Amino acid sequence: SAITAIATNTLKTYNSEMEEVRARSLEAAAECEAAMARELQAQVEAEEARVELEQRQQQLKAVEDQAKHKLREAERQAEDLELEVKQLKNEMRMLRSQHA
């Protein structure tokens with residue numbers, strides 16, 4: 001009958017629309033999963049970058065400490081040499097005065 005045909009068509013339309021809704025819902029869920037995966041990947045990359053930065057800062061500090069140590073050592077050697085030069089000048093003066 002006509003009522004059965006209308007009911008059947010209405011049910012088919014409803015089922016078709018529900019399939020579309022399910023398909024869009026699954027697509028949205030997949031996009032959400034992909035976005036969460038990208039966010040997680042970004043967090044991992046940020047953590048790796050942080051760790052690398054920390055390691056480089058430690059290496060830089062070690063190099064700076066080593067440079068400071070070498071500078072102090074060079075300054076001590078320069079002072080020792082200055083003292084040695086003064087002593088040699090004094091010895092030369094004494095030798096000159098003995099020969100004069």
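This is a predicted model: local features need pLDDT of at least 70, side-chain atom pairs count only at pLDDT 80 or more; totals for chains, interfaces and linings use all residues.
Start at Glu 19. At 48% relative accessibility, this residue counts as partly exposed, because that class runs between the 20% limit for buried and the 50% limit for exposed.

What does the side chain of Glu 19 meet in a salt bridge? The partner is Arg 22, and the N to O distance is 2.5 Å. Arg 22 is also partly exposed, at 43% relative accessibility. Both residues belong to helix α1. They sit three residues apart there, so about one helical turn separates them.

Now step back to the whole chain. How many helices and strands does the protein chain have? There are one helix and zero strands. The radius of gyration is 43 Å, while the globule rule gives 13 Å for 100 residues, so the chain is more spread out than a compact globule. The C-alpha trace tells of its dimensions. Along the principal axes it spans about 145 × 15 × 5 Å. Helix α1 itself covers residues 2-99.

Next comes the surface. Of the 100 residues in the protein chain, buried ones make up 0%. The chain exposes about 9,400 Å². Carbon and sulfur atoms supply 58% of that area.

Charge is the next topic. The protein chain carries 15 positive and 21 negative side chains. The centres of these two sets lie 9 Å apart. Some of the negative side chains form a patch on the surface. Its members are Glu 75, Glu 79, Asp 80, Glu 82 and Glu 84. Asp 80, one of them, lies in helix α1.

Side chains of opposite charge can pair when their charged atoms come close. How many salt bridges does the structure hold? It holds seven. The bridge between Glu 19 and Arg 22 has been described already.

Another one joins Arg 24 and Glu 20, with 3.5 Å from N to O. Here the spacing is four residues in helix α1, so the two are separated by about one helical turn. Glu 20 is partly exposed, with a relative accessible area of 45%.

Further along the numbering, Lys 61 and Asp 65 meet in a salt bridge as well. The distance is 3.2 Å, N to O. These two are four residues apart in helix α1, so about one helical turn lies between them. Is Asp 65 buried or partly exposed? Asp 65 is partly exposed, with a relative accessible area of 35%.

To recap, the protein chain has one helix and zero strands. Its buried share is 0%. Seven salt bridges are present, and a patch of negative charge lies on the surface.

Technical notes. Residues are numbered from 1 along each chain as its sequence is written. Side-chain values use heavy atoms; hydrogens and water are left out. The radius of gyration is taken over C-alpha atoms; the globule rule is 2.2 Å times the number of residues to the power 0.38. Buried means under 20% relative accessible area, exposed over 50%, partly exposed in between (1.4 Å probe, protein chains only). Accessible areas come from the Shrake-Rupley method with a 1.4 Å probe; for residues, only the protein chains shown count as cover. Lys and Arg count as positive and Asp and Glu as negative; His and the chain ends are not counted. The place of a charge is taken as NZ of Lys, CZ of Arg, CG of Asp or CD of Glu. Patches are made of residues with over 30% relative accessible area and no salt bridge: like charges are joined within 9 Å, nonpolar side chains (Val, Leu, Ile, Met, Phe, Trp, Tyr) within 5 Å. A salt bridge is a side-chain nitrogen of Lys or Arg within 4 Å of a carboxyl oxygen of Asp or Glu.
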